[in-house]
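Let's take a walk through this protein together, one feature at a time. Keep the viewer open and follow along as we go.

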Amino acid sequence: MHELEPIFNPRSIAVIGASRREGSIGHSVTKNLIDGKFPGPIYPINPGSPEILGLKAYPSIGDVPEPVDAAVYCVPADKVLDVARQCAKAGVKGHIVITSGFGEVGNKKDEEELVRIAKASGGRVIGPNIVGTMSNPAKANASFAPVLPYNGQTALISQSGALIIALDTVTYVRKFGVSAMISLGNMADVDFADSIEYYAQDPNTTCIALYIEGVKNGFKFMQAGRWAGKPIVALKAGVSAHGAAAAASHTGSLAGSVKVYQAACNQAHMIWATDLEDMLNKSQALAMQPVLKGGNVVIITNGGGIGVLGSDAAERHGIPLQTAPADVQAQFRKFMPDFGSPKNPVDITGGSGVAGYEGAIETALKCPWVDGVGVFYCETAVTKATDIANAVITKLKESGVKDKPVVCCFVGGAGSVEAGKVLLEASIPYYDCPNKTMSALAALRQAARFSEVGCRVDFEPYADVDKKRAQAIIELARKAGRKALTEPEAKTLFACYGLPVTKSSLATNENEAVRYAQEIGYPVVLKIVSPDILHKSDAGGVRVNLKDAEAVRIGFRTIMENAKRYKADADIHGILVCEMAPLGSEVIVGSVNDATFGPTVMFGLGGVFVEVMKDVTFRVAPISIDCAMAMQQEIKGYPMLQGVRGEKRRDQEALAAVLSRLSQLVSDLDDDIAETDANPILVYEEGKGCRVVDARVILKRR
Ligand code: COA
């Protein structure tokens, strides 16, 4: 038996604080269990009443003669720990704690004690501060939400209890089928990962939908997602880039929780939802239909307008329509007048009746070229919407096809809404506009891609790294009381992990500078190295394109004078003599140690792309070369790396290696590194590599 069975699928339930007062939470929970026809025994617990709502009540859980799976806590916060002790003693394993007044108001101590008591007796706690749990297969409404939700196959897990209450009756209006609705509240014990793990193995659930405010353990969350083997839709609330302004590095200021959450959810094989509506739309399709195994979607429509809108939406959501091959067009042709179009969208035209739809649907389902079908319909006087809905249902059933998703877009009034209900009752997703329909199909495509990858994590650590030396560099900086590495230290650190940093040597006098410049080869760049001067250019601390010894000597002197003028007491380590890398495409790579997900890496194009457009992408580290290639492809400026205006393709493979190697560095040194920037990196033509020109490393506080 799964450890969470007593909470999510209890056989017997006690309501602690099952109040006599109508309208109270304890009373409502008891009534909900009765009204929901919970098949197992319900034990109201109340010291002041022998009977509640016609059920025998007990003064305490210890008085119940049989073992009890779950206890729903409806007593005030100051009574919860006593109740927990009694429940633990009575062998209760599922502690469903509705009561508020714990971690959410700063009372962490009692919250931890509650979990400790429950766990010491082999139990688990959901909550506190929740609406409760609802399971349709178990007929268990252990909550104070109005009713058991509309029955179906999505498990909806929400951190917010209010959202559960709000959506409960909406499920009936939308015919949004739910297997379970779970309120997680403070997540003192049972969290998203636990719930995902449970519903991944639940035979009554085909899709898991999450409403997330914050994740406590990012690693566990991501692992649960990848291991689930079922579609998961994630809706994250609170997506503002809060806290980013205070970040010390460039990458830090670009992070913002939403980009990191988005990346983490994607890596955890969760389908991102932009809002509540999007979450419901996508979940509906994922719960009801098979995944979209290939990219060939056919839209069958009686209206050119909605067909074109569907085509636009398909492209927007990453599943662009393809023109049907000639033989496929010939088959569709049979079901439309001459002025129809079989190309895709397959426009059977406005005068088409049921027969036209039936023929086109049958053709699409049989045709091996077609991977998925969107049946579009705009309400006309020629046909009844429900007749078209029934045609879809019949043809799908007759075809016996089980591996091609079919979704419907009916645009119209009451007739279409009615048809939508008919479709949903037959487990065929219905939407009222082309955009929602294609977004749902795109979610089915994404789910297919995730299931192809499975739970495999394909990062192979690099063996040719020098972790010990990297750690020694950090230790040295820490001993000197510094929170950031100097540029030469940061470059050496990067070099320990095989990043192609520009050649450089630290000179403490003019003669040394000239000698190093000769060793490196002209032209060279000189840069001030001082922990007190972070913005080198602002302090006049950089000289570029120095072509001979004389220029190096003048440059050295000028920089030293500028630095002293900028900050008289600056601790100057010397001047870095650097190889002047030839011009290339400028990109930025960096990392931020996220409070939830740990080290993450970032990629973007340099200059205006990153400064103004914020065209960057993140991943939770470590990442493989393939993943690093995908990062490059997903930024808007990707064509620049493919070569524009006659330029050749940039060395994306070399850049991917930089990202992947940096991801290993920040994972290996997770305890020490807060943020890094490799900025700029100059990327050359294919085969010619790239060079990290500047490096910054900020250390974590200890
Ligand atoms: N064992 C069993 N029953 C007990 C008890 C005990 N140790 N101590 C008290 N009770 C009984 C009371 O006698 C009362 O029954 P009665 O009305 O028949 O006399 C019942 O438990 C409830 O106690 P009461 O003091 O009336 O509490 P309440 O109903 O006002 O509030 C909570 C209890 C849990 C609802 C409240 O503390 C709370 O936390 N509310 C917020 C819940 C919430 O919003 N959760 C998050 C949703 S998102």
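Predicted model: local features only at pLDDT ≥ 70, side-chain atom pairs only at ≥ 80, totals over all residues.

Arg645 is not a glycine, yet its phi is positive, at about 45°. Most residues other than glycine have a negative phi, and most peptide bonds are trans. With a relative accessibility of 84%, Arg645 counts as exposed, because the cut-off for that class is over 50%.

Now turn to His269, another residue other than glycine with a positive phi, here near 60°. You will find His269 in the loop between helix H8 (250-267) and strand S14 (270-273). Is His269 buried or exposed? Its relative accessibility is 10%, so His269 counts as buried, the limit being under 20%.

The backbone also holds cis peptide bonds to look at. One runs from Gly127 to Pro128, with omega near -5°, and Pro128 has its place in the loop between strand S7 (124-126) and strand S8. Another joins Asn344 to Pro345, where omega is near 0°. Pro345 belongs to the loop between helix H11 (326-333) and strand S16 (346-347).

Let's step back for the overall view. The protein has 23 helices and 29 strands, and its C-alpha trace spans about 95 × 80 × 40 Å along the principal axes. Of the 702 residues, 56% are buried.

Next come the charged pairs. Side chains of opposite charge can pair when their charged atoms come close. How many salt bridges does a search of the whole structure find? The search gives 37 salt bridges. One of them brings together the side chains of Glu362 and Lys395, at 2.9 Å from N to O. Glu362 is in helix H12 (residues 354-366) and Lys395 is in helix H13 (residues 385-399), so this pair ties together parts that are 33 residues apart in sequence. Glu362 is partly exposed, with a relative accessible area of 32%, whereas Lys395 is buried, at 11%.

Arg515 is partly exposed, with a relative accessible area of 45%, while Glu519 is exposed, at 56%.

A further salt bridge joins the side chains of Arg649 and Glu653, at 3.1 Å from N to O. Arg649 is partly exposed, with a relative accessible area of 22%, and Glu653 also counts as partly exposed, at 37%.

Glu3, Lys119, Arg124, Asp189, Asp191, Asp194 and Lys220 are linked in a network of them. Keep Asp191 and Lys220 of this network in mind, as both return below.

Let's go inside the protein. Rolling a probe the size of a water molecule over the atoms shows where empty space is left. Here the search finds two cavities of 30 Å³ or more. The largest cavity holds about 50 Å³ of space. Its lining is made up of Met187, Asp191, Phe192, Ala193, Val215, Lys216, Asn217, Lys220 and Phe221. Helix H6 (192-200) and helix H7 (218-228) are the elements that give two or more residues to this lining. By class, the lining has five nonpolar, one polar and three charged residues.

The second largest cavity has a volume of about 30 Å³. Around this cavity are Ile7, Phe8, Pro10, Ile96, Thr133, Met134, Ser135, Ala140 and Ala142. Helix H1 (5-8), strand S8 (132-135) and strand S9 (140-143) each give two or more residues to the lining, and the largest share, three residues, comes from S8. What classes make up the lining of the second largest cavity? Seven of the residues are nonpolar, two are polar and none is charged.

We finish on the surface, where Val608, Val612 and Met613 form a nonpolar patch with about 310 Å² of accessible area together. Met613 is in the loop between helix H20 (608-611) and strand S26 (616-620). Met613 counts as exposed, with 53% relative accessibility.

How values were computed:
Residues numbered from 1 in each chain as written. Heavy atoms only, no water. Patch = residues over 30% accessible without salt bridge, like charges linked within 9 Å, V, L, I, M, F, W, Y side chains within 5 Å. Areas by Shrake-Rupley, 256 points an atom, 1.4 Å probe, with all protein chains shown as cover. Salt bridge = Lys/Arg side-chain N within 4 Å of Asp/Glu carboxyl O. Helix = DSSP H or I, 4+ residues; strand = E, 2+ residues; numbered from the N terminus. Buried < 20%, exposed > 50% of the residue type's maximum accessible area, 1.4 Å probe, protein only. 1 Å grid on protein atoms, 1.4 Å probe; cavity = no way out; pocket = protein on both sides within 12 Å on 5 of 7 lines; lining within 4 Å. Points joined across faces, edges and corners; volume = space filled by probe spheres on them. Nonpolar A, V, L, I, M, F, W, Y, C, P; charged D, E, K, R; others polar.
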